[in-house]
Amino acid sequence: MTTTTPSSDVFDYIVVGAGSAGCVLANRLSEDPEVSVLLLEAGGSDWNPWIHVPVGYFKTMHNPATDWCYLTDPDDGIDGRRLQWPRGKVLGGSSSLNGLLYIRGQRQDYDDWAAMGNQGWDYASVLPYFKKSECQERGANAFHGTDGPLKVSDLRLRREIAERFIEAAKAAGIPENQDVNGETQEGVGYFQQTSYKGFRCSTAKAFLRPALKRPNLTLVKRAHCQRLLLEGKRVVGVEYRQGNVLRRASATLEVLLSSGAIGSPQILQCSGIGDPQHLADVGVDCLHQLPGVGENLQDHLQIRLVFKTRCRTLNDEVRHPLKKLAVGTQYALTRTGPLTLAASQVCIFTQSREGLDRPDIQFHMQPLSADKPAEGVHPFSAFTSSVCQLRPTSRGRIRITSPDPAVYPSIQPNYLSTDEDCRVAVDAIKVARRIAEQAPLADVITDEYVPGRAYQSDEQLLDAARRYSQTIYHPAGTCKMGNDPLAVVDDRLKVHGLQGIRVVDASIMPIIVSGNTNAPTIMIAERAADMIKADRQARTQVA
């Protein structure tokens with residue numbers, strides 16, 4: 001039986017979602033002792049020790065205790081397959097179970113956002129917010145900061161196969177780049193990761209934990225937001241469920257929706273904010289017409305190539321009982337070794353074909369191979385060379401199928417649904433093979449295990465892309481920023497046509513960034529926090 005409690009809790013700000021963006025907002029807004037902040041998190045505490053061990057994503061992804069375990073609809077673009085979309089259901093959100101890779105994207109990404117009419121989102125404007133968050137292990141310079149709470153570190157693991165991969169990429173004409181988050185992104189080099197002394201640095205650890213010492217910040221866990229509460233065209237609070245109890249909380253200033261590219265549009269739609277026809281079809285009264293809610297879904301689809309090798313890789317270390325024991329002992333004593341491994345070691349940003357003015361594909365090289373996280377490595381020596389299109393032109397959507405917020409929404413990525421995306425997929429496989437054909441990498445490759453040399457023609461390579469691709473877990477764009485008919489928020493992240501509500505997470509990206517999305521999401525929250533503070537100050541001065 002469900003019990004409803006009356007609205008009694010009143011705060012200045014309510015942040016819905018303690019993920020990559022929500023933890024940042026909770027920290028920055030509660031810096032002002034004159035305001036009160038409520039942070040609602042549908043998941044639980046980040047107590048699981050595998051969250052804090054970098055390689056622990058093998059244990060936390062697809063684990064219903066820490067992962068929402070979303071599943072896409074069957075997608076014609078990938079041979080009718082359904083893909084698992086992990087999303088964090090824990091403090092820190094997906095920053096608590098992602099691959100730890102720290103990538104900002106290209107300066108042109110943000111300049112393009114500004115050129116679309118989003119004032120203040122050009123590269124020059126957002127760079128200070130990247131630097132504000134960052135505590136860069138290599139030190140401060142024009143592109144990096146050292147005063148922020150987010151630890152950004154070099155990898156604590158090197159392997160022969162990774163060095164060979166870098167040299168092969170250089171032999172294929174790709175320049176070496178020691179800092180893909182610096183002056184230019186193009187090139188090959190080692191990833192940096194959000195970790196510190198061998199431990200993951202999630203936003204819960206970096207931003208939330210220090211802020212919880214403040215008396216003006218209240219955290220409520222296991223609090224699943226059901227809907228926004230509206231009075232006319234103003235959002236005045238939220239209704240959330242804890243177990244069998246429905247509770248309400250009021251916001252005197254703003255509600256900040258930070259539930260991610262799946263959760264944020266779902267909450268809006270369940271609240272009657274979205275496309276009127278869609279809402280009517282699922283039995284939700286339309287309170288505010290906004291047809292772009294849930295549209296513009298984008299994701300990075302990686303095409304996985306697996307190469308068998310005659311040199312030993314991490315496959316050999318982690319599948320042998322005694323070597324696994326040695327790996328665990330190494331980590332316990334020195335916080336180094338395979339357990340500090342991010343999702344990939346080596347990255348490449350390059351062009352899929354000649355004539356492009358900037359990289360349009362990204363490689364994630366792993367010194368191991370597996371079909372999926374949590375399923376174990378292959379029983380042979382191998383490495384993985386995954387490649388994705390950075391700015392896909394395919395667009396999908398998120399749509400609720402029921403008024404019940406507990407029912408997962410329909411996720412329709414529409415992968416490889418445009419000619420351009422299909423062309424890039426084919427060319428990207430050719431680039432991956434060209435790298436594999438270069439010494440010294442070619443010297444140790446014995447076979448292309450996936451997709452296999454039977455795939456040769458462009459038609460066959462596209463078929464391989466449809467069969468052997470996986471998400472890199474970067475959903476974005478479903479509450480896009482802008483002023484066009486499908487825009488959901490303006491350039492101050494306020495929902496069009498409503499008062500008292502902003503969306504602050506990866507869903508506001510009008511075009512997905514050229515790389516991994518966690519660092520940009522943190523930047524978005526940093527930028528939003530300053531906007532929110534400035535707006536409050538302006539109201540105070542007027543009053």
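**Close-up 1. Helix H4 and the glycine that comes after it.** In this predicted model, Gly117 follows H4 and has a positive phi, near 105°. Within H4, which spans residues 107–115, the buried residues are Asp109, Tyr110 and Trp113. Viewed down the axis of H4, these buried residues fall within an arc of 90°, so they line one face of the helix. An α-helix has 3.6 residues a turn, so residues three or four places apart point the same way. The partners of the buried H4 residues are helix H5 (123–133) and helix H14 (518–542), against which they pack.

**Close-up 2. The largest nonpolar core, with Leu228 and Val238.** Here we move to a core of 81 residues, in which Leu228 and Val238 touch the most other members. H14 gives the most to this core, namely nine residues. If you set aside neighbours within four places in sequence, the contacts of Leu228 include Val235, Gly237 and Val238. Also in contact with Leu228 are Val255, Ile267, Leu268, Ser271, Ile273 and Ile501. Another core, of 73 residues, lies apart from this one, and Tyr57, Leu155, Tyr190 and Ala343 are among its members.

**Close-up 3. The second largest pocket.** This pocket has a volume of about 550 Å³. Its lining comprises 17 residues, and those nearest the centre are Phe58, Lys59, Val318, Lys324 and Leu339. Helix H3 (57–60), helix H10 (314–318) and helix H11 (321–334) each supply at least two lining residues, with H11 giving the most, three. Sorted by class, the pocket lining has 12 nonpolar, two polar and three charged residues.

**Close-up 4. The largest cavity.** The structure holds two cavities of 30 Å³ or more, and the largest contains about 190 Å³ of space. Of its 18 lining residues, Asp299, Leu301, Gln389, Pro392 and Leu416 are the closest to the centre. Strand S18 (301–309), strand S21 (382–389) and helix H12 (419–436) each give two or more residues to this lining. The largest share, four residues, comes from H12. The lining of the largest cavity has 12 nonpolar, four polar and two charged residues.

**Close-up 5. The second largest cavity.** Let's finish with a cavity of about 50 Å³. Its lining includes Tyr102, Ile103 and Arg138, together with Gln178, Asp179, Val180 and Asn181. Tyr190, Phe191 and Gln192 also line the second largest cavity. Its lining divides into five nonpolar, three polar and two charged residues.

How values were computed
Residues numbered from 1 in each chain as written. Predicted model: local features only at pLDDT ≥ 70, side-chain atom pairs only at ≥ 80, totals over all residues. Heavy atoms only, no water. 1 Å grid on protein atoms, 1.4 Å probe; cavity = no way out; pocket = protein on both sides within 12 Å on 5 of 7 lines; lining within 4 Å. Points joined across faces, edges and corners; volume = space filled by probe spheres on them. Nonpolar A, V, L, I, M, F, W, Y, C, P; charged D, E, K, R; others polar. Buried < 20%, exposed > 50% of the residue type's maximum accessible area, 1.4 Å probe, protein only. Arc of directions from axis to C-beta. Contact = heavy atoms within 4.5 Å. Core = buried A, V, L, I, M, F, W, Y, C linked by side-chain atoms within 4.5 Å.
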